[in-house]
Amino acid sequence: MPATPVQAPDRPAPQPGGPGPAAGGPKDSPRRRAARRRRLIALLFLLPALLLLGALVAYPILFTVGRSLFDASGTRFVGAENYTEMFRDPATLKAIRNTTVWVVVAPLLLTGLGLILAVLTEKIRWATAFKLVLFMPMAISFLAAGIIFRVVYEQDPDRGVLNAVAVGVHDSFDESASYPTARPKDATVLAKGKGGAYTTKDKAAPGNTVNLGLVGVPPKDLPKDAEPARAASKATAGGAELRGVVWVDFTLGGGGKPGQVDPKEKGLPQLAVEAVDADGKAVAETTTAADGSYRFEGLSAGDYAVRLPAKNFAEPYGGVEWLGPTLITPAIIGAYLWIWTGFALVLIGAGLSAMPRDVIEAAKIDGANEWQIFRRITVPLLAPVLGVVFVTQVINVMKVFDLVYIIAPGPVQQDANVLALQMWLVSFGGGNNQGLGSALGVLLLLLVVPAMILNIRRFRRSNS
Amino acid sequence: MSSTRTRRRTATATAAALGLALTATACGGSDDSSGSGSQELKGQTVTVAGVWTGTEQKNFKKVLDAFSEKTGATTKFISTGDNVSTVVGSKIEGGNAPDVVMVPQPGVLKQFAGKGWLQPLSAKVRDTAESNFAPVWQDYGTIGDKYYGLYFKASNKSTVWYSPDALSQAGVQPPKSWDAMLKAGRTVSDSGLPAFSVAGEDGWTLTDWFENIYLSQAGPENYDKLAAHKIAWTDPSVVKALTTLSELFEDKKLVAGGGKGALRTTFPESVEQVFGDDPKAGMVYEGDFVGATISGDLKKKVGEDAKFFPFPAVADGKPPVVGGGDAATVLKSGKHRKAGMKLVEFLATPEAAEIWAGAGGFLSPNKSVKPEAYQDDVTRKTADSLIKAGNAVRFDMSDQAPAAFGGTAGTGEWKLLQDFLRDPSDPKGTARKLEAAAAKAYKD
């Protein structure tokens, strides 16, 4: 909505130029009549445009300003209350904050990215094809782009491309644990230590059996060769041997007793187990067999605790939380960049090709390197184009709505909120307070006006 | 409100679709009444507007056909889609008002009555309703002291759905109390399967969790007061209910994926997590329409692959029954409103309800409807718990609240309960924020 009204000032501007200056003196009546007739004809031609502008731009602006002074029902005059309410509401403040982030970050990134890409594509052979590919997202509606990126950013690596990559890269460096969900039923035998390892509370000397029960292991996580642990749990330990089983302390279907190795309960194979001496140092390490049994042999006399190191239980890496409250705004800005980079690239590229070559040639002859040419010649000469891209994007970014609305999931919508979205939410999205919504609209209009004025000035300058 | 409505509606629609598929030949048991009609309304056309589409619309038409047969009136059904008030409003202004409107929410009924669109129902409807319905249904149909809405179709939002496999693997029985449910949940999680799938991405499921706990723990009187915002959300009873809810939310063993995972789960996904091919949880709470998702989208058999138990009682309270429904109203500006009133009179009878009950995807608050009329056991059981709750049934609180508080994604109750799911450590603070949001929404 705010985008349309703000174009108002630049159109009526040329009107005064319509009727030519009445050159003749006031006594020259046929001339004066002609001038008047000309003015009338001009007015007649302008009338449709003026009517349209009035009905579609001026009237809505005035109405919105008026509406913003009334309450939700539209019947009670509340003065500036909506405006004070606006700045008291944490949701609106958040929206203002986010819009600021958008305005500061997005146009700058976009202009920079466009400039770099434009300069680089100048040098490559398939520049047109490259530009075409980058420009393609412009052909996609914001709605579709939003849906695409909603999926791209999805947390589940099976669905979200970005997280599939993140998890893939992470896992190729770091093997995931075998039993991420396993845990002791309670803290009677095993205590959870720092970093997620479990250590027995009581210490045992060699010659003892220490059986450790864990629960929460999905049957499908258990290797197929896992065997019942009961037999191994009863084996007696030799003199210098500390042994026992690590088993799933849960009988499927019920009936098992906690803390007891019941007949059907299976051992947990391939689990790392450590013997820890009095100083807390691991002196021996082994892994469990198919029936969950482990043995430490040749331990010197003394008391040992048995530790199940954290690497057994590390939660699988879930990827980056793109759609979480902290990353949501950068994530949406990323999607925005994807759409608009092509636009910036093409515009800046056009400016680049129109640039006088001889200056660059001269610089080259004088011995300037690429970086110097870029900094001292290309950027200054491109400044008008860069300015247009930047200002257009500032205006564009202020009214960003659809991407935020689509990409941000319900629970984090407020964390991603921007002014245009807040305006819609307040007036139509359940709040039904069109008074407050109008006030937000007016605020948005006021914020866009400076950028608009800047743009118009620039147009004027380039026209004259 | 509308997004809630859409989702639930799609769910029920699919349920009805399946129901129809199952009983393709069972066209209701009303054939015996044919021929006995007096044809007194011959030549009149009753126009009915409602939110139903697809199979629901088809099944409702069967009810209308029975009415035509009885009275000789012709009937016409207009589907309004989700936005009843806008469509009906424009039809009234255009001088083309329907005679009967099936209003989907108490808030909308209030709005209609407030605008003076509705005609109070006749004494005959009131009498039939009095003998066939628990008084609470009339109360929800009464605005001021006038009886405007007859609740024809109901829903039951106090059903906890579980996978029988998951429970039998853990060796637990469907629990009868909140504490037993959490205990059973912990056992299920010990067996290696997280206990509950919570659809935190859809705020409305969280409000339903809260409402069931509150209704059972604080009792129907407090529930009514809170729904009307006559007591504040900072009331100790609210804090207590939130604390009870936090017992579930804060336990990572009970909620699949923990709070963060739950916040990424939508309602259809939560059902799929329990009843899909790769189960990620053992139980899911939501209303009777879960059955529709199970049988429609997941192609699983309700009653075999999926069962439910009534939402258990919290502490010393009674088991809660939170419901909802569509109310038949008569518009003042309808051209054939007298015939429309006759239709509402017909809808109040068990005969009308049994027609749709036979077609499936339907619960009737009418206690004279014969249990045999329902086409399957699960529906019969949900209907039974709705009828048995009698006067203790309460409507969804968030549906009664202003939309800004109880029905908008990203703000109000939805958002605050989502925050609470993320971090359930401060029930008091959440209550304070809820009160602040409610105070703002209820003031106008």
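Two strands pair if DSSP finds at least two bridges between them. Helices (H or I, at least four residues) and strands (E, at least two) are DSSP runs, numbered from the N terminus. The model is a predicted one: local features need pLDDT of at least 70, side-chain atom pairs count only at pLDDT 80 or more, and totals for chains, interfaces and linings use all residues. Residues are numbered from 1 along each chain as its sequence is written, while chains are lettered from A and ligands numbered from 1 in the order in which they are written.

**Stop 1: a sheet in chain B**

Select β9(B) and strand β10 (residues 283–285) of chain B. These two pair in the parallel sense over 2 bridges. Show Phe196(B) and find Met283(B) in β10(B) opposite.

Touching, or contact, means that the C-beta atoms of two residues, placed from the backbone, lie within 7 Å. Axes are lines fitted to C-alpha atoms, for helices over the stretch in contact, and angles run from 0 to 180 degrees between N-to-C directions.

**Stop 2: a covered strand**

Select strand β7 (residues 150–156) of chain B. Is this strand mostly covered or mostly uncovered? It is mostly covered, with 7 of its 7 residues buried. A residue is buried if 20 or more other C-beta atoms lie within 10 Å of its own, exposed if 12 or fewer, and partly exposed in between, with C-beta atoms placed from the backbone.

Next select strand β12 (residues 322–331) of chain B, which runs antiparallel to β7(B) and is joined to it by 6 bridges. Tyr151(B) has Ala327(B) in β12(B) as its bridge partner.

**Stop 3: helix α9 and two helices it meets**

Select helix α9 (residues 203–227) and helix α10 (residues 236–249), both of chain B. They pack at an angle of about 170°, and their axes are 8 Å apart. That angle makes α9(B) roughly antiparallel to α10(B). Angles under 35 degrees count as roughly parallel, over 145 as roughly antiparallel, 65 to 115 as roughly perpendicular and the rest as oblique.

To see the contact, show residues including Trp209(B), Ile213(B) and Gln217(B) of α9(B), and Val238(B), Ala241(B) and Leu245(B) of α10(B). The contact residues divide into 9 nonpolar, 4 polar and 1 charged. Ala, Val, Leu, Ile, Met, Phe, Trp, Tyr, Cys and Pro count as nonpolar, Asp, Glu, Lys and Arg as charged, and the others, Gly among them, as polar.

**Stop 4: chain B as a whole**

Of its 444 residues, 60% count as buried.

**Stop 5: chain A**

Show both chains: their contact takes 26 residues from chain A and 26 residues from chain B. The side of chain A that touches chain B has 11 nonpolar, 14 polar and 1 charged residues.

In chain A, select strand β4 (residues 242–248) and β7(A). They run antiparallel and are joined by 4 bridges, with Leu242(A) and Phe296(A) as bridge partners.

Finally, select Gly435(A) in helix α14 (residues 434–463) of chain A. Gly435(A) counts as buried because it has 23 C-beta neighbours inside 10 Å. The C-alpha atom of Gly280(A), 155 residues away along the chain, is separated from that of Gly435(A) by 67 Å.
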